[in-house]
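Subject: Structure handover and notes

Hello,

Here is the structure to be handed over, with notes on what was found in it. Please keep it open while reading.

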Amino acid sequence: AITIMVGAQIARQRSIIKNISKKMSSIAICGGMANSFIAFNGNEIGASLAEENVNEEIEEIYNYSNENDCQIILPSDASVAPKLDPDINFAVKKIDGLNSSDMILDIGPVSTKDLKEAISNSKTVFWNGPPGVFEVEPFNKATIEIANHIADLTSAGKIQSFAGGGDTVAAIEMAGVREKFTYISTGGGALLELLEGKQLPGLVSQNIL
C-alpha cells in the first residue's frame, strides 16, 4: 500500500507516519511538507513554502520508516517559478538544481512518472492532498495526471483507492473522476483516522475494509 501525504505541519504528521509506516510499503511526501524534507537533505528550496526547526521531527520520520521498511518518496524534480502566477514563465528543474528565487509549485514529470509507477505497484492507495498548487494552471498538471491514473487503476479493479480532504476532493472533481474512487471523505481528518488504524463506520458497514 502507498500513502500520498501533503501538508506543512510535520509535528502533527509525525505520529501519523509512525503508525502508518508499519502498514505501508511507501509514503510519498509532497507539497510544503516535502519542501522541508528537501531542505533537510541539503538542497536549496528558494522561496518555497516550508517549516523551520523541524529537523528533529524529520529525522524521527526517517527512523520510523527505516525500522518498518517503508520507503519515503520525495520529488526528484519540480515545476518552479519566482511567484505563483498563471501567466508567469515557469521551469522544470531537478530538486538539487534550484536557486534562491525559485518557488516549488508542482512536482515535475519525472516525479509524476515515479509516483504513478509506485501507485501501479500497490494494491491500496491513500491520497491526502494534491502534490501541486492545483488551483492555478499549469501547476495542476501532476495532480490531474495522478487523479486519472488512480481512477483508471481503480476502475480496472487493480487497486482500492481512498481519498480525503477538501483539496483532494476538489482536485478529483477537477479531473472528473470522483465516481471512480473506492471511498472519498471530504474531511481529511477522517482519512487520517483510518490511516491511524481507527475504524470508520461507513467503511465497516460497506465491508470495504
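The notes below go through the helices and then some individual residues.

This is a predicted model: local features need pLDDT of at least 70 and side-chain atom pairs count only at pLDDT 80 or more, while totals for chains, interfaces and linings use all residues. Residues are numbered from 1 along each chain as its sequence is written, and side-chain values use heavy atoms, with hydrogens and water left out.

Helix H3

Helices (H or I, at least four residues) and strands (E, at least two) are DSSP runs, numbered from the N terminus. Helix H3 covers residues 55-67, which is 13 residues. From first C-alpha to last it reaches 18 Å, close to the 18 Å expected at 1.5 Å a residue; the expected span is 1.5 Å times one less than the number of residues.

Burial is stated by relative accessible area: buried is under 20%, exposed is over 50%, and partly exposed is in between (1.4 Å probe, protein chains only). In H3 the buried residues are Glu57, Ile58, Ile61, Tyr64 and Ser65. Viewed down the axis of H3, these buried residues fall within an arc of 115 degrees, so they line one face of the helix. The arc is that of the directions from the helix axis to the C-beta atoms. Glu56, Asn66 and Glu67 are exposed on the other side of H3.

The cover over the buried residues of H3 includes helix H1 (10-20), helix H2 (31-40) and strand S3 (71-73). Contact here and below means heavy atoms within 4.5 Å.

H1 against H3

Two packed helices are described by the angle between their axes and the distance between the axes. For H1 and H3 the angle is about 10 degrees and the axes are 10 Å apart. That makes H1 roughly parallel to H3. Angles under 35 degrees count as roughly parallel, over 145 as roughly antiparallel, 65 to 115 as roughly perpendicular and the rest as oblique. The axes are lines fitted to C-alpha atoms, for helices over the stretch in contact, and angles run from 0 to 180 degrees between N-to-C directions.

On the H1 side, Ile10, Ala11, Arg14, Ile17 and Lys18 meet Glu57, Ile58, Glu60, Ile61 and Tyr64 of H3. The residues of this contact divide into 6 nonpolar, no polar and 4 charged. In this count, Ala, Val, Leu, Ile, Met, Phe, Trp, Tyr, Cys and Pro are nonpolar, Asp, Glu, Lys and Arg are charged, and the others, Gly among them, are polar.

Glu57 is a residue of H3 and is buried, with a relative accessible area of 15%. Leaving aside neighbours within four places in sequence, Glu57 is in contact with Ile10, Ala11 and Arg14. Glu57 and Gln13 are 44 residues apart in sequence and 9.3 Å apart in space, C-alpha to C-alpha.

Helix H2

H2 is mostly covered, with 8 of its 10 residues buried. These are Gly31, Gly32, Met33, Ala34, Asn35, Ser36, Phe37 and Ile38. Their cover includes strand S1 (2-6), H1, strand S2 (26-30), H3 and strand S6 (103-107).

Helix H5 and strand S7

Helix H5 (residues 141-155) has 15 residues, which should span 21 Å at 1.5 Å a residue, and its end C-alpha atoms are 21 Å apart, in agreement. Among its buried residues are Ile146, His149, Ile150 and Leu153. What covers the buried residues of H5 includes S1, S6, helix H4 (109-120), strand S7 (124-128), strand S8 (160-164) and helix H6 (166-175).

Thr124 is in strand S7 and counts as buried at 19% relative accessibility. Not counting residues up to four places away in sequence, Thr124 touches Ala1, Ile2, Gln160 and Phe162.

Backbone points

Most residues other than glycine have a negative phi, and most peptide bonds are trans. What joins Glu137 and Pro138? A cis peptide bond does, with omega about 5 degrees. Pro138 is placed in the loop between S7 and H5.

Asn53 is not a glycine but has a positive phi of about 60 degrees. Asn53 lies in the loop between H2 and H3 and counts as exposed at 76% relative accessibility. Asp69, also not a glycine, has a positive phi of about 55 degrees. Asp69 lies in the loop between H3 and S3 and is exposed, with a relative accessible area of 69%.

Regards
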